[in-house]
Amino acid sequence: MVSSDRYTYYGVHEKRGIKAIHDIVLLENYHGVIVHDFWSSYLSDSLPGVHAMCNAHLLRELQGIIDNIQNLTWAAKMQEFLRSSWREVKRTRQDYNTGLPDQRVRELVMDYGRILRIAELEIEEFAVKQTRRRNAAKSDAERLWNRFMEFGEAILRFIYDPRVPFDNNLRERDLRMMKVKMKVCGTFRSYQGSLIFADLRNFISSARKQGYEVFSAISMMLSGAFEFA
């Protein structure tokens with residue numbers, strides 16, 4: 001599934017990994033910004049788009065560290081950094097219809113780096129103190145820290161680029177109806193039926209995003225008088 005603020009596309013495939021992405025052929029030639037979580041298929045080198053990470057997912061993972069490992073303060077610092085940075089970015093976009101000044105971007109990037117240096121020290125100290133039984137908790141924190149280190153530019157994309165949202169909640173909302181369908185029906189009786197349902201949802205979701213009333217849009221479409229903007 002791929003969505004934007006004007007269009008929604010649901011594809012049907014027996015797989016959900018990189019093979020499905022290539023077979024459906026939507027992102028292979030897309031060079032814009034792709035907002036997503038850390039699912040490995042989205043990180044494939046065969047997708048040429050610019051990556052931006054969903055920070056809502058990261059906030060939840062940081063909360064897990066905060067709730068379960070009291071010795072580590074960096075998670076709360078990073079959580080507050082992300083939230084306060086997004087508030088600042090939103091204000092700037094609303095007031096000036098632009099992104100943050102370059103100097104402010106550099107300051108925020110430096111703040112991000114300082115938090116990660118604190119995290120490195122805390123994780124090393126925590127690893128020394130913990131017993132073998134607690135190593136699982138330590139490894140969760142370390143894996144999350146490594147993710148912040150490796151994907152820093154993509155995580156902070158919303159700071160660099162005024163077009164980029166903080167999260168991929170738009171896609172999550174667009175996906176909700178498909179999840180409801182799965183919960184109620186479990187599956188489709190035929191491949192053709194799944195294609196028909198996906199096409200209907202593509203049309204309805206895209207029409208709503210463009211301000212059309214659904215039944216009017218369907219009526220216009222059946223009469224051949226409908227056209228997306």
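Reader: Let's start with one side chain. Is W39 buried, exposed or partly exposed?

Author: W39 is partly exposed, with a relative accessible area of 22%. Do keep in mind that this is a predicted model. The cut-off matters here, since buried means under 20% relative accessible area. Y42, at 13%, is buried.

Reader: How many aromatic pairs does the whole structure have?

Author: A search of the whole structure gives 14 aromatic pairs. One of them joins W39 and Y42: their ring centres are 5.0 Å apart, with 80 degrees between the planes, so the pair is edge-to-face, as planes over 60 degrees apart are.

Reader: And what is the geometry of the pair F188 and F197?

Author: F188 and F197 are tilted, with 50 degrees between the planes and 5.5 Å from centre to centre. F188 counts as partly exposed at 32% relative accessibility, while F197 counts as buried at 18%. Rings can also gather in groups: Y7, F203, Y212, F226 and F228 make up one aromatic cluster.

Reader: Now for charges. What is the general idea behind a salt bridge, and how many does the structure hold?

Author: Side chains of opposite charge can pair when their charged atoms come close. The structure holds ten salt bridges. Among them is the one between K19 and D23, at 2.8 Å from N to O.

Reader: Why are K19 and D23 separated by about one helical turn?

Author: An α-helix has 3.6 residues a turn, so residues three or four places apart point the same way. K19 and D23 are four residues apart in helix α1 (residues 18–24), which means about one helical turn between them.

Reader: Which residue forms a salt bridge with R147?

Author: The partner of R147 is E61, and their closest N and O atoms are 2.7 Å apart. R147 belongs to helix α5 (residues 135–150) and E61 to helix α2 (residues 55–68), so the pair ties together parts that are 86 residues apart in sequence. R147 is partly exposed at 25%, and E61 is partly exposed at 32%. R147 has an aromatic contact too: its charged end sits over the ring of F38, 4.5 Å from the ring centre.

Reader: While we are at α2, which of its residues are buried?

Author: The buried residues of α2 are N55, A56, H57, L58, L59, L62 and I65.

Reader: Which residues are linked in a network of salt bridges?

Author: E88, R104 and E107 are linked in such a network. Within it, the closest N and O atoms of E107 and R104 are 3.0 Å apart. These two residues lie three residues apart in helix α4 (residues 102–129), about one turn of the helix. E107 is partly exposed at 32%, and R104 is partly exposed at 25%.

Reader: Last one: which residues make a nonpolar surface patch?

Author: M177, V180 and V184 make a nonpolar surface patch of about 270 Å². V180 has its place in helix α8 (residues 169–185). With a relative accessibility of 40%, V180 counts as partly exposed.

Note on methods
Residues numbered from 1 in each chain as written. Predicted model: local features only at pLDDT ≥ 70, side-chain atom pairs only at ≥ 80, totals over all residues. Heavy atoms only, no water. Salt bridge = Lys/Arg side-chain N within 4 Å of Asp/Glu carboxyl O. Buried < 20%, exposed > 50% of the residue type's maximum accessible area, 1.4 Å probe, protein only. Patch = residues over 30% accessible without salt bridge, like charges linked within 9 Å, V, L, I, M, F, W, Y side chains within 5 Å. Areas by Shrake-Rupley, 256 points an atom, 1.4 Å probe, with all protein chains shown as cover. Phe/Tyr/Trp six-rings, centres within 6.5 Å; stacked < 30°, edge-to-face > 60°. Lys NZ or Arg CZ within 6 Å of the ring centre and 35° of its normal.
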